[in-house]
Amino acid sequence: MAAVLPSLNDLPRQNASHVKNRWGDVVRQVQQSGSVAVTNHSTVEMVLLTAATYNQLVEDAQALKAREQSVLDELGRRFDARLGVLQQPDAAAKVGKLFAAKGKLEQRPKAGDTF
């Protein structure tokens, strides 16, 4: 299940000096809010988050990678099947016959039962 996280702009912010000097307070804030943006000169440089949130992000990323690999494997199987058809002994003759037809069909195309 995908982790629902706020956007970077919606995170509570702490400047780097405050994080350094008041680490315990920052840890409590992270545990309360889930994450805190750490800024340096008003620019967000990093985000602190709980270990549970980090683990969820890692699991989500691994699940996405597995799903992408599954899709790629299926596309590879489909490609191999189509390539196998083109590598059959009579494939060249069929393609030659198709080009020789010059756009003329042997049979009238059937548009479907509703036409």
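Tutor: A salt bridge is counted where a side-chain nitrogen of Lys or Arg lies within 4 Å of a carboxyl oxygen of Asp or Glu. The model is predicted, so local features are reported only at pLDDT of at least 70 and side-chain atom pairs only at pLDDT 80 or more, while totals for chains, interfaces and linings use all residues. Residues are numbered from 1 along each chain as its sequence is written, and side-chain values rest on heavy atoms, with hydrogens and water left out.

Across the whole structure, the search returns four salt bridges. One of them joins the side chains of D25 and R22, with an N to O distance of 2.4 Å. Burial is judged by relative accessible area: under 20% is buried, over 50% is exposed, and anything in between is partly exposed (1.4 Å probe, protein chains only). D25 is partly exposed because its relative accessibility is 27%, and R22 is likewise partly exposed, at 44%.

A further pair is E74 with R77, whose closest N and O atoms are 3.1 Å apart. Helices (H or I, at least four residues) and strands (E, at least two) are taken from DSSP runs and numbered from the N terminus. E74 and R77 both belong to helix α3; they stand three residues apart, so about one helical turn separates them. In an α-helix there are 3.6 residues a turn, so residues three or four places apart point the same way. E74 is partly exposed, since its relative accessibility is 35%.

D90 and K94 form another salt bridge, with 3.4 Å between the closest N and O atoms. D90 has a relative accessible area of 36% and is therefore partly exposed, whereas K94, at 54%, counts as exposed. Salt bridges with shared partners also link R22, D25 and R28 into one network.

K102, which comes after α4, has a positive phi near 50°. For the chain, the average is 88, and 96% of the residues score at least 70.

The strands complete the context. They form an open sheet of three, in the order β1-β2-β3 and with mixed pairing. Because β1 and β3 are at the edges and each has a single partner strand, one side of each lacks a neighbour in the sheet. From one strand to the next, the twist averages 35°; the angle is taken between N-to-C directions, from 0 to 180 degrees, along axes that are lines fitted to C-alpha atoms, for helices over the stretch in contact.

Two strands count as paired if DSSP finds at least two bridges between them. β1 and β2 run parallel and are joined by three bridges, with N15 opposite T39 in β2. β2 (residues 35-40) pairs with β3 in the antiparallel sense over six bridges. V38 faces M46 in β3, and N40 has T43 as its bridge partner in that strand. Five of the six residues of β2 are buried, so this strand is largely enclosed by the rest of the structure.

β2 and β3 make a hairpin with two residues between them. H41 lies in this loop and has a positive phi of about 55° although it is not a glycine. S42, in the loop between β2 and β3 as well, has a positive phi near 65°. Most residues other than glycine have a negative phi, and most peptide bonds are trans. H41 is exposed, since its relative accessibility is 73%, and S42 is exposed at 68%.

Methods. pLDDT = per-residue confidence, 0-100.
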